[in-house]
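Hi,

Here is the structure I said I would send over. Have a look at it first, and my notes on what turned up follow below.

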There are 2 protein chains.
Amino acid sequence: MKMLKELLSVLLVLVTLSSAMGKPEKTTPKKEKRIPQTLSRGWGDQLIWAQTYEEALFWSRSKNKPLMVIFHLEDCPHSQSLKKAFAEDKDIQKLADEEFVILNLVYETTDKHLSPDGQYVPRILFVDPSMTVRADITGRYANRLYAYEPNDMKLLLSNMQRAMKFLKTEL
Amino acid sequence: MKMLKELLSVLLVLVTLSSAMGKPEKTTPKKEKRIPQTLSRGWGDQLIWAQTYEEALFWSRSKNKPLMVIFHLEDCPHSQSLKKAFAEDKDIQKLADEEFVILNLVYETTDKHLSPDGQYVPRILFVDPSMTVRADITGRYANRLYAYEPNDMKLLLSNMQRAMKFLKTEL
């Protein structure tokens, strides 16, 4: 029951109400064939995605690979355009596939470390295999430190390379 | 960092090591076309599945529908045979589609209420829209209260109907 308060923060409600919540109702025109939902949600169908944050952290530790968490919303145009750029960037897809544990989420987690400057989308956070959120790896926007735009793919790639240099302090 | 201890409980490690962990390595024969992972994982491709427990709780409250959580493992034969029976049972699929928020997980969550008598698979837990885990809704096995076998589909259906009668105490 303690989760109640954490989960239903005003921000979570605001972010989600505007978005995915309507989806299941809309896509329920009885008896019409539905397309099975994928874990990739279009961010890279050929990549292997973790389902939950718990799973992703476990893989990150086990495989000793950094974790990349992408927060987005299906009906947010900024998320959509970033997704397109991300999915089409061969260098990013390759590096994500080979060197990262990856997770994309449309709902916030209860870990406040994943929203160092608020819960907005799209945003991308890196987590070290030591389970430390790399709040130091940021994009180019001062008001939304973890936001990226489609023309930021070079910066994102170099941030991924930074994330691959692990923090040694806790190991 | 507090999550560390909760997440890496011995049980979680035992359950997961034996199972999904090997998967990504095995299914990475470089350059072979992969089939995108689905959220249904075969438990009902035509149903709408929540991705995470947080998301499922949010939907359950918002839609005022009970939540059904299925814990399973891809290479556990008991999970596989239960999955087949579950996916092929039209009454269960229909009721799940219309009256439930549904979630299937191969990794444990940090909510200990979801493992009243331990972390084993397969097991099915119901959660009331008031966010109370219905530990009172059990299967027929005294040593694993939330386990079901393929020939328990009638019992599972009647348990789903019980879950639809909400707890009033907390509302």
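Cys76(B) is buried, at a relative accessible area of 11%. Its counterpart in number on the other chain, Cys76(A), is buried too, with 12%. Please keep in mind that this is a predicted model. As for disulfides, the count over all chains is zero, since a pair of cysteine sulfur atoms has to lie within 2.5 Å to be called one.

Next, a residue I'd click on: Tyr107(A). You'll find Tyr107(A) in the loop that runs between strand E2 (101–105) and strand E3 (123–127) of chain A. Is Tyr107(A) buried or exposed? Its relative accessibility is 3%, so it counts as buried, the cut-off being under 20%. Within its own chain, Tyr107(A) has its C-alpha 8.3 Å from that of His72(A), although 35 residues separate the two in sequence. Tyr107(A) also reaches across to the other chain: its side chain makes a polar contact of 2.7 Å with the side chain of Trp59(B).

That brings us to helix H4 of chain B, as Trp59(B) is one of the buried residues of H4(B). The helix covers residues 53–63, and because nine of those 11 are buried, it is largely enclosed by the rest of the structure. Among the buried ones are also Tyr53(B), Leu57(B), Phe58(B) and Lys63(B).

On chain A, helix H4 contains Glu55(A). With a relative accessible area of 3%, Glu55(A) is buried. What does Glu55(A) touch, leaving out residues up to four places away in sequence? The list is Ala50(A), Arg41(B), Val106(B) and Tyr107(B). Glu55(A) and Val101(A) are 46 residues apart along the chain, with their C-alphas 9.7 Å apart in space.

How many residues line the largest cavity? There are 14, and those nearest its centre are Thr52(A), Tyr53(A), Glu54(A), Thr52(B) and Glu54(B). Both H4 helices turn up again here: H4 (53–63) of chain A and H4 of chain B each supply at least two residues of that lining. Sorted by class, the lining comes to six nonpolar, four polar and four charged residues.

Cheers

Terms used. Residues are numbered from 1 along each chain as its sequence is written. Chains are lettered from A and ligands numbered from 1 in the order in which they are written. This is a predicted model: local features need pLDDT of at least 70, side-chain atom pairs count only at pLDDT 80 or more; totals for chains, interfaces and linings use all residues. Side-chain values use heavy atoms; hydrogens and water are left out. Buried means under 20% relative accessible area, exposed over 50%, partly exposed in between (1.4 Å probe, protein chains only). Helices (H or I, at least four residues) and strands (E, at least two) are DSSP runs, numbered from the N terminus. A polar contact is a pair of N or O atoms within 3.5 Å; within protein, one must be able to donate a hydrogen and the other to accept it, and residues adjacent in sequence count only if both atoms are side-chain atoms. On a 1 Å grid over the protein atoms alone, a cavity is a set of points where a 1.4 Å probe fits but cannot get out, and a pocket is an open set with protein on both sides within 12 Å along at least five of seven lines; lining residues have an atom within 4 Å of a point. Ala, Val, Leu, Ile, Met, Phe, Trp, Tyr, Cys and Pro count as nonpolar, Asp, Glu, Lys and Arg as charged, and the others, Gly among them, as polar. Contact means heavy atoms within 4.5 Å.
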